[in-house]
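Open the model in your viewer and colour it by secondary structure. The stops below go from a pocket to a sheet and end at a hairpin.

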Amino acid sequence: MSDHRGRIRPKMQAQGDRYRSPWSIRERCGMLAWLIVGAALFRPTPKFFNAWRLMLLRVFGATIRGTPFVAPSCIIKIPWQLTLEDRSALAPKSEVYNLGHVTLKARCVVSQYTYICGGTHDLSDSALPLLVGDIVIGEEAFIGAKAIILPGVCVGDGAVLGAGGVAAKDLEAWTVYAGNPCKKIKARQKFGI
């Protein structure tokens with residue numbers, strides 16, 4: 001398992017201009033359109049309108065395989081930087097701040113109020129350039145309520161991040177973690193599907 005910091009990269013930004021957006025006009029227009037469509041057609045839907053929400057995500061470029069579940073109160077920043085595999089789940093009030101690409105593999109669960117954060121800033125540079133990192137949550141992984149996953153983190157298959165835990169580094173497969181920063185607690189028994 002490699003150090004996640006090697007997977008964090010700068011988002012292009014005007015040299016030395018901390019007030020200029022690193023996003024292109026097209027990206028900003030897409031984010032604005034999603035903000036409007038999400039508020040009007042995604043968030044007000046009842047729980048059983050999951051197929052409708054998945055269709056809206058697809059229209060905005062999300063990669064969806066099988067039938068994942070996305071709660072209507074879930075917040076997704078950039079749909080075209082999201083991959084959801086079969087039976088993955090984003091619970092109510094979870095937030096995917098996917099400035100880097102976020103992948104939820106098959107049958108993983110992201111519990112309520114979880115914050116998946118794909119961006120940070122280089123605090124050693126006075127321009128504070130945006131840094132983005134891809135996040136992968138493995139098959140059968142479970143992310144507890146109010147947990148935080150930081151940029152560039154890979155959560156291994158079957159790993160558990162306990163409620164309120166903060167993952168700043170990769171989590172090994174089939175291992176239970178808890179705390180801030182999270183620490184390995186014990187192995188998790190593998191089970192077959």
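**The largest pocket**

The largest pocket has a volume of about 220 Å³. This is a predicted model, in which local features need pLDDT of at least 70, side-chain atom pairs count only at pLDDT 80 or more, and totals for chains, interfaces and linings use all residues. Residues are numbered from 1 along each chain as its sequence is written, and side-chain values use heavy atoms, with hydrogens and water left out.

A pocket here is an open set of points on a 1 Å grid over the protein atoms alone, where a 1.4 Å probe fits, with protein on both sides within 12 Å along at least five of seven lines; lining residues have an atom within 4 Å of a point. The volume is the space filled by probe spheres set on the points.

Select M31, W34, L35, G38, A39, F42, R43, C74, I75, I76 and K77 to show the lining. Two or more of these residues come from each of α1 (25–42) and β4 (75–76); helices (H or I, at least four residues) and strands (E, at least two) are DSSP runs, numbered from the N terminus.

**The sheet**

Next, show the open seven-stranded sheet, with mixed pairing and the order β3-β6-β9-β14-β17-β19-β20. Strands pair if DSSP finds at least two bridges between them. Select β9 (residues 109–110) and β14 (residues 142–143), parallel strands joined by two bridges; V110 has I143 as its bridge partner.

**The hairpin**

Finally, select β19 (residues 175–178) with β20: they pair antiparallel over four bridges, and Y177 is partnered by K184. Between these strands lie four residues, and G179 takes a positive phi near 100 degrees.
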